[in-house]
Amino acid sequence: MARVYNFAAGPSMLPESVLAKAAAEMLDYQGSGQSVMEMSHRTKLYETIIEGCETLLREVMQIPDNYKVLFLQGGASTQFAMVPLNLMNRSGKADYVVTGAFANKACQEAARYGKVNIVASSKDRTFSYIPKLDKSQFTPDADYFYICMNNTIYGTVYHELPDTGSVPLVADVSSCILSQPIDVSKFGLLFAGAQKNMGPAGLTVVIVREDLIGNPQQITPTMLNYAIHAENGSMYNTPPTYAIYICKLVLEWIKNEIGGLEKMKERNERKAKVFYDFLDRSKLFKGTVVPEDRSLMNAPFVTGDAELDKKFIAEADAAGFVSLKGHRSVGGMRASIYNAMPLEGVEKLVALMQKFEEENA
């Protein structure tokens, strides 16, 4: 069977060379006579995998030495609680910008553990833009300032980071991590679910500045304490071993085949330009995001006719372009064009859209 073009928002497609290598090593990893799936995380061999993954991530992302890299479980959604439990520990206050469903969930979760100030929200226009921020609305003694950098459902992204001064900036980067270079030193903490650009579902990566670790709220469960995981090299309990192994292969692909994050950015900008250029000239399909805030990773679009949307999704699926149905809160379609999506996939999708437009004018 031919492989489809998978435009799912996550879990998403993986590079074929990564899948091929994992398949080749499935029964026997480097002469060990066993699969990584079967391997004890306490063995020296597995230690080379998890340590190698961290070393590659630090190299590819240029992570400063005063940041810890943690390989955790529970998805990015568990970070909605872990962040306030570990960081909301001085004033008990935090600033949040609500730019979509996940930022809103994070905000609601944080409100269980301290005082949350919603600095700005784009809910008024279905999260179709990134709101301009008024620094007079910032909390001067906030323990942290929270954003969702790329909004998977709504297709918006911060092209410019908020200037939070001495207040640590915290960001959910689940759907944009590894898509382009990012200055880690501008953040107190970054976290990402792996299932979009890093590997399979089950792994969550946290990059946290060392001075923010070690003073959690008293009620913080052991498993939700960053210090516990940092002190134990992400092996306080059994980590998501196979997902970490695949993440390592993805990082090798980025470094050795793509040429690093600058090259990845160029690749992603080319793909996004092909797609958005078509949207902007199309008479049938329309983007739902203001152009200046468009994401390179997630592109929602509609025809304006719910029945026509359904027809297009069905025809696309039959042609091998899968998971294009938009989130229920937006409707229409969404093309998630993560790192592993080749330029060819975007070009062929645009050709399909052009054909559909001509046949349904």
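**Helix packing, cores and backbone**

Colleague: Start with helix 8 and helix 9. What are they to each other?

Modeller: Helix 8 and helix 9 are oblique to each other. Oblique is what remains once angles under 35 degrees are called roughly parallel, over 145 roughly antiparallel and 65 to 115 roughly perpendicular. Here the axes cross at roughly 135° and come within 11 Å. Axes are lines fitted to C-alpha atoms, for helices over the stretch in contact, and angles run from 0 to 180 degrees between N-to-C directions.

Colleague: Before we go on, what sort of model is this?

Modeller: A predicted one, where local features need pLDDT of at least 70 and side-chain atom pairs count only at pLDDT 80 or more, while totals for chains, interfaces and linings use all residues. Residues are numbered from 1 along each chain as its sequence is written, and side-chain values use heavy atoms, with hydrogens and water left out.

Colleague: And where are these two helices?

Modeller: Helix 8 covers residues 306-318 and helix 9 covers 343-359. Helices (H or I, at least four residues) and strands (E, at least two) are DSSP runs, numbered from the N terminus.

Colleague: Which residues meet?

Modeller: From helix 8, Leu308, Lys311, Phe312, Glu315 and Ala316; from helix 9, Leu349, Leu352, Met353, Phe356 and Glu359. Contact means heavy atoms within 4.5 Å. Seven of the residues in this contact are nonpolar, none polar and three charged. Ala, Val, Leu, Ile, Met, Phe, Trp, Tyr, Cys and Pro count as nonpolar, Asp, Glu, Lys and Arg as charged, and the others, Gly among them, as polar.

Colleague: What about helix 2 and helix 6?

Modeller: Their axes come within 9 Å and cross at roughly 40°, and this pair is therefore oblique. Helix 2 contributes residues including Ile49, Gly52, Cys53 and Leu56, and they face a group in helix 6 with Ile244, Cys247, Lys248 and Leu251 among them. That contact has 12 nonpolar, three polar and four charged residues.

Colleague: How many residues does the largest nonpolar core have?

Modeller: 93, and those with the most contacts inside it are Met61, Leu178, Phe275, Phe285, Phe312 and Leu349. Helix 6 (residues 241-258) gives the most to this core, with 12 residues. A nonpolar core is a set of buried Ala, Val, Leu, Ile, Met, Phe, Trp, Tyr and Cys residues joined through side-chain atoms within 4.5 Å.

Colleague: What does Met61 touch?

Modeller: Ile177, Leu178, Ile182, Val184, Ile207 and Leu261, leaving out residues up to four places away in sequence. There is also a second, separate core of 32 residues, which includes Leu72, Ala81, Ala106 and Ala110.

Colleague: Back to Leu178. Buried or exposed?

Modeller: Leu178 counts as buried because its relative accessibility is 2%. Buried means under 20% relative accessible area, exposed over 50%, partly exposed in between (1.4 Å probe, protein chains only). Leu178 lies in the loop between strand 8 (169-172) and strand 9 (189-193), and its phi is near 70°, a positive value in a residue other than glycine.

Colleague: What is phi of Gln30?

Modeller: Near 45°, also positive and also not a glycine. Gln30 sits in the loop between helix 1 and helix 2 and counts as exposed, at 56% relative accessibility. Most residues other than glycine have a negative phi, and most peptide bonds are trans.

Colleague: Which form does the peptide bond from Gly10 to Pro11 take?

Modeller: Cis, with omega near -5°. Pro11 is in the loop between strand 1 (5-6) and helix 1 (16-24).
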